[in-house]
Amino acid sequence: MKTKFGFDIHDNRQIDLDLEDTRFADEVAVVVKSWKACMKCGACVGTCPVGKGVLNLTGINYQPALTTCLMCGKCLLVCPRGINTRHLILEVMNKYREYGKAV
Amino acid sequence: MPREKPYIKSNRQEIPAFAGMTSDAQPVTGNRQPVTVRVAVVGGGPAGMAAVGALAAMHIGVDWYEKEDRVGGKLNNYHQLFPDRVPASEAFGQLVKGTYHNHIDRHLGKAITSVGVNAGRISLNGKDHKIGEADAVILATGFDFFDARHKEEFGYGIYKHVITSADLETVFADGDKLLNVNGSAPASVAFVHCVGSRDEQVGVSYCSRLCCITGIKQAIQIRREYRETRVYNFYIDMRAFGRGYEELYREAQENHGVRFIRGRVSEASEDEQGRIRVKAEDTLMSRPIKLTVDWLVLLIGMSPSCSAVLSGKGEREKSFTNAENPLTGSAVKGQPGVFLAGCCAGPMSIPESVASGRSAAVQAAEYLNKKNGNSE
Amino acid sequence: MEKLFDPFVLLFTAGFSVTGIWFIYKVYRWLAGLSSADRSLVFHGVFSARLWKALIETISESLIHRKVFSRNPRLGYMHMSLAFGWFMLILIGNIESTWYTGDLFKPIYVSVFWRFFDPGPAFPRAAWQPGFAFIMDLFLLLVLSGLLFAIVKRFRSRLVGLKRTTRQQPVDRLALTALWLIFPARLIAESMTCGAHGTGSFLTGTLGHLFSFAFSPSPLVLPTWWFYSFILSSFFFLLPFTRYAHIPSEPVLIFLRRFGVRVSIESPSFTDLNLHACSSCGICLDACQLSEVMPGKQVQSNYFNRALRNGANPPHQWDCLLCGRCGSACPVGVELIPIRQLQRPDTGIGRGLQLPGLVGKNGHKVTILYFAGCMTHLTPGIISSMRKIFDQSGASWHFFDADGQNCCGRPLKLAGQTQAASELKKKLEQDFLRSGAGLLVTSCPICFRIFNEEYRLPGMRVLHHSQYISELLEWKRIKVGPSGLSAAYHEPCELGRGSGILVEPGLVIRSLFHSDVTPSGEGLCCGGSLGGVALEPEVRKAVARGAAEQLTVNHPDVLITACPLCKKTFKPVTSIPVQDIAEATAHYLIAGSSMPERRKSTKVLGYEINK
């Protein structure tokens, strides 16, 4: 419904946790247990040689940026929670390939 | 390791409050009454000072051991204390007053490396010989600053313009200047939180608690001194839990324009001019950050230094010592008569250390009363 | 002697035919599955000296088991006595039967069961005669002694110098039982015959003599030969489906390897041949450091090969650190690490890469390119040391990846992402060559290995910094003072075992420290390897702790390594200071040792500018 005054929000960026589908993330977590320990400090993105912010650990889903990962493992060495980030990326890609699309 | 400070302009002044603060400067109080029991206090920092003062006030004889040749511990190197920016010397003065007492024997320059409990008597041992004996011991050995060289990616000890919060505090305390490579006021300074805290990579799982507020305090100090300097704080979580901490956080943002960026710095490198290039992520924006600063300050965490004393183990087995009932007391399990005070039980602020020292003194007194059957 | 047949030989013949047909089929498949390039290698190899070299290797490895001997004499004896002894029994048996029948083209069973058809001269006169009977008994004794070792190994592996022994599958156990029974069955059957005829040499003759004291051996002769034939036939029936398939496969592998065939994605059948040549001997179990920290997990190569051979999903495929210790220990020379790498699927990571182009801006040419590597950016001590060394040596150099935005591609490769790795390789090759440098120095052994092995950089030498420093010292471009300290050297897997760079790090360390460090190529893995993708951090730490303990057993003043990743991995687990070889060099550099007049020269160190 179009409002007659005030602001109109075109791009809805709201995350609806009520409708959240965590199946993909849960399946990845079965293989890479440590990823749930992420405290979202961003050290992995900061150190990434690709410099584009490959990892976004806020939600484990397939992200197109993952295809630019170099697998160099620097993120693994700076993660303060010791998360196996390389395995995580690989597993996300494996799962994605298995499903043929992002879930 | 004394740090080379090529760009720091030395301007050391005698700070009046420190002047003349030697062992015979204060009037010794208290009557020398005969005392039957003696408690040893290991450590001369705030917790130790509080403990010896409280014990003496309860007419208990105290043997006070300190490995340095002066008491005060790390307080001696601090400039101003958060949140009120009280000079460290003032706090020192208040604490040290209670330690000039007839019941207190100071043993300076004596490092205790282990304690042994044997049939109600406790022996205090140095590196290769016994130093003393006591009926009860209060361990107030404090903490060690995390050795920032273990986080090599920040370049401490490699780049000249990377310093720790402890270094910065001595810069302030000495009245030195923090200048950039050209000798003028720094254009920008960045603080890195959680260096040696909350980091599995260096085997530290705990939060050191006080670095956040230290970062806030030191950021304000830099902004007060250099009005044009941009100051950044890179944090994972801001933990401003104590009295006046949150207010100081707000003051830093509101009155001093300190920028707080939620993201951990992952590495630093040096550019051709010797400035420090920092890589991080602004996690709230989900975008990587690149920043060049004149100084990078690492807010180093606290490492335990006490369990080595308790168990006689080497450096590698260090951990904070857990009290038997950490919620209600500070007696050490399996070592009757040994009590913990201050940061050897975990990271604490100065008021917490002082309270903990006094509390340990009371617990030691209770223990001795019970042991000697004195039911008053 | 005129009737050289008895129905019991049919059992053996059937079993042997199964193995024979299977083997012929397999050899055809192995050759047919090679890429055309590899097939031409084989074709050319057959008509070259390599054929003889392969033959010699077959004798020394498949029969004598020289490599096993040099590693572990007791285990070597076990393998040698079984393989060589059995081979000699077959060979001498054949000669003996041909000698008496004069027929070279008789059925195989004739020579196998020769003692049944011809009991030989009378005992005891013949017992000590150096005739066929004596030689045959000698080799039978050799085999039986080896069998004793094999049985001991199965139940008390430490007695033969192995900490662990392979856990068997049921079908392997069955074949093993058959193998164990073959020689005692042969002994009994031959002794029975000799007892009945009063013939035989020191072993069969004596035993047969004893039998004839206790009972009449004659009625038992035929049943014991039936039993022997049955055991032989069961073994040969089972052989193609068990680890004993290595017996015929191993020589084929040796020949093809000598001809120059290597494991590659283009020749899948060669991987299959490698898998069949794996004898599951279990030597890789003790070589693998994960055996200590992941006990009971079948991560080692023999399990990996077995699963792959059986068409199953290899267990713990992403846990392996790819350190290569098993590969260098393998007595058969199975290409364990390349096989593992090929099994890691390419999931498309890294294909979206667009790397910034670098160097060669405004025609600025340098003689030396310095490539620090991703990891080295987390150990800036190495970079600043290299800066110092370059500047001191007076080299004109360029820091290629100063912004840390490059990668060599090997990490991608180790994670199975071969396509992205080769794209990255092409890109970097261009950038390197465009710089015009004659020398590429890298601080990271991971980068060094792929630069050295796979990059095509005509006119450009590739050196790891330990080699570069060693050359600078040799040519007196830099001078170092002795430290007066002792040091232990940790050989990075990719540098030592992986690339064979052993001499130079040793030279540098010996010129700095008073420890006699001689890298052997058999170094431990630090646990930080990028190969172990799935390995959880605690396990990595456990590997690192174990390695650090072994390395610092003599309490050196400093632990030297030559890899940023090893340095990072060791630092938290040892109280002994860990330093890179470049840091140690830079620390003890004596200033003013370079020749300033040559500072501007383009011909520093003999590395010409590459035109």
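E153(B) is buried, with a relative accessibility of 1% (buried means under 20% relative accessible area, exposed over 50%, partly exposed in between, with a 1.4 Å probe and protein chains only). This is a predicted model, in which local features need pLDDT of at least 70, side-chain atom pairs count only at pLDDT 80 or more, and totals for chains, interfaces and linings use all residues. Residues are numbered from 1 along each chain as its sequence is written, chains are lettered from A and ligands numbered from 1 in the order in which they are written, and side-chain values use heavy atoms, leaving out hydrogens and water.

**Salt bridges in chain B**

- E153(B) and K151(B) join their side chains in a salt bridge at 3.2 Å, N to O (a side-chain nitrogen of Lys or Arg within 4 Å of a carboxyl oxygen of Asp or Glu).
- K151(B) is buried too, at 2% relative accessible area.
- D84(B) and R243(B) form a salt bridge at 2.8 Å, N to O.
- That pair spans 159 residues, from the loop between β4 (80–81) and β5 (86–87) to the loop between β15 (230–235) and α5 (245–254) of chain B; helices (H or I, at least four residues) and strands (E, at least two) are DSSP runs, numbered from the N terminus.
- D84(B) is partly exposed at 45% relative accessibility, while R243(B) is exposed at 60%.
- In the salt bridge of E251(B) with R85(B), the closest N and O atoms are 3.6 Å apart.
- Because E251(B) sits in helix α5 of chain B and R85(B) in the loop between β4 and β5, this pair ties together parts 166 residues apart in sequence.
- A network of salt bridges links R121(B), K130(B), E133(B), D135(B) and K371(B).
- Over all chains, the whole structure holds 45 salt bridges.

**Where chain C meets chain A**

- Here 33 residues of chain C are in contact with 26 residues of chain A (heavy atoms within 4.5 Å).
- About 2400 Å² is buried between the two chains, and carbon and sulfur atoms give 64% of that; buried area is the accessible area (1.4 Å probe) that two parts lose on being put together, summed over both.
- T347(C), I349(C) and V533(C) supply 22% of the area that chain C buries against chain A, more than any other three residues.
- Between chain C and chain A, the count of salt bridges is zero.
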